Amino acid sequence: MEPLLEVKNITKRFGGLTAVDNMDMEVFPGEVVGLLGDNGAGKSTLIKVISGVYHADAGTIFFEGKEVRIDNPMHALRIGIETLYQDLALAENLNVYANIFLGREKLKRFLGLINVLDHDYMLNESKKVLDRLEIEVPSLKNQIRTLSGGQRQAVAISRSIYWNAKFLIMDEPTAALGVAEQKNVLDLVKTLSSQGVPVIIISHQLHDVFSVATKLVIMRRGKKVAERITKDTTTDEIVGLIVGSLPGDYGDVNDGAKETAQVGKETGSVDEGQEGKQ
Ligand SMILES: Nc1ncnc2c1ncn2[C@@H]1O[C@H](COP(=O)(O)OP(=O)(O)OP(=O)(O)O)[C@@H](O)[C@H]1O
Ligand SMILES: [Mg+2]
């Protein structure tokens with residue numbers, strides 16, 4: 001099977017700081033990849049490169065087997081890569097189905113003269129996508145501001161799926177949610193993957209990631225340090241890889257434990273160049 005998404009040798013710098021350093025990652029259809037790493041490891045920067053927010057300084061992205069240059073977030077959406085940040089970009093004062101059709105409203109002719117919103121169509125289509133994803137909200141006519149965090153997340157995911165997202169990226173989707181809502185969002189991730197839509201999920205909540213991800217990719221200081229099949233590893237091993245008390249699989253970050261221990265004290269640059277010289 002061919003990966004749906006492949007990133008190769010991606011590097012992204014901010015001035016003297018290498019936020020993402022020569023990263024490789026493959027995501028196959030239906031896979032749920034947990035992208036893990038401590039604060040500042042480079043996770044968000046990597047997914048912002050994939051979703052067109054940043055341009056990489058080096059490296060290549062392949063999507064559906066073809067090399068792509070993702071110019072901006074709209075371009076990413078057009079090819080089917082959808083990213084959900086914590087700020088979900090929903091319109092608080094509009095109802096559920098109006099949010100699903102936000103910016104892409106369906107119109108119909110009224111009395112053969114003027115265009116009006118086709119509420120019935122949008123309501124029915126929205127119902128279909130929510131059913132497909134087994135999402136329950138009190139009513140599709142309720143304004144978004146009346147919904148809980150988890151329900152909002154579900155509406156945002158439904159919108160992505162309705163508009164043909166082929167690939168979903170979620171950065172800290174459960175951070176602000178209650179326990180039951182976290183579970184709903186994680187169930188939704190499982191539903192998506194069972195329907196063939198791969199998901200990259202970033203979360204500091206290891207338990208969540210272990211419950212949904214089939215594969216784990218661990219970053220430290222911009223670099224990939226290891227990749228594990230979830231069922232073949234343990235949280236202890238993953239924590240060790242995240243903090244650097246365990247060596248990674250690739251030679252050049254083996255002194256990570258020492259480096260990580262010093263990170264809190266450092267005030268200046270965390271330029272990887274210094275690491276190489278030690
Ligand atoms: N726009 C930016 N300008 C300058 N430096 C940045 C920018 N965005 C991120 N960085 C730096 O790049 C590094 C990686 O940041 P990133 O946000 O990717 O980390 P992260 O793994 O998502 O961390 P967290 O778990 O805290 O969200 C950090 O050192 C951060 O300070
Ligand atoms: Mg982040």
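The model is predicted, and local features need pLDDT of at least 70, side-chain atom pairs count only at pLDDT 80 or more, while totals for chains, interfaces and linings use all residues. Residues are numbered from 1 along each chain as its sequence is written, and chains are lettered from A and ligands numbered from 1 in the order in which they are written.

**The sheet**

Helices (H or I, at least four residues) and strands (E, at least two) are DSSP runs, numbered from the N terminus. Two strands pair if DSSP finds at least two bridges between them. Six strands make an open, mixed sheet in the order β6-β9-β10-β3-β11-β12. β6 (81–84) and β12 (223–229) are the edge strands; each has a single partner strand, so one side of each lacks a neighbour in the sheet. From one strand to the next, the twist averages 20°. Axes here are lines fitted to C-alpha atoms, for helices over the stretch in contact, and angles run from 0 to 180 degrees between N-to-C directions.

| Pair | Sense | Bridges |
|---|---|---|
| β3 (residues 32–36) and β11 (residues 215–220) | parallel | four |
| β11 and β12 | antiparallel | six |

V33 has K215 of β11 as its bridge partner. V217 stands opposite E227 in β12. The hairpin of β11 and β12 has two residues between the strands, and R221 takes a positive phi near 50° there.

A residue is buried if 20 or more other C-beta atoms lie within 10 Å of its own, exposed if 12 or fewer, and partly exposed in between; C-beta atoms are placed from the backbone. In β11, five of the six residues are buried, so the strand is largely enclosed by the rest of the structure.

Two residues are in contact if their C-beta atoms, placed from the backbone, lie within 7 Å. Helix α6 (residues 179–194) packs on the sheet and touches β3, β9 (167–171) and β10 (199–202). Its direction makes about 155° with that of β10. Helix α8 (residues 235–243) lies across β3, β11 and β12, at about 25° to β11.

Which residues of α8 are buried? They include I238, L241 and I242. The buried residues of α8 pack against β3, α7 (206–212), β11 and β12. Just after α8, G244 has a positive phi of about 95°.

**The core**

A nonpolar core is a set of buried Ala, Val, Leu, Ile, Met, Phe, Trp, Tyr and Cys residues joined through C-beta atoms within 7 Å. The largest has 69 residues, and V189, V199, I201 and I218 have the most contacts inside it. Domain 1 (5–80 + 166–277) and domain 2 (91–165) both give residues to this core, so it lies between them. The domain bounds come from an automatic or database domain assignment. Leaving out residues up to four places away in sequence, V199 touches V32, L168, M170, V189, L192 and S193.
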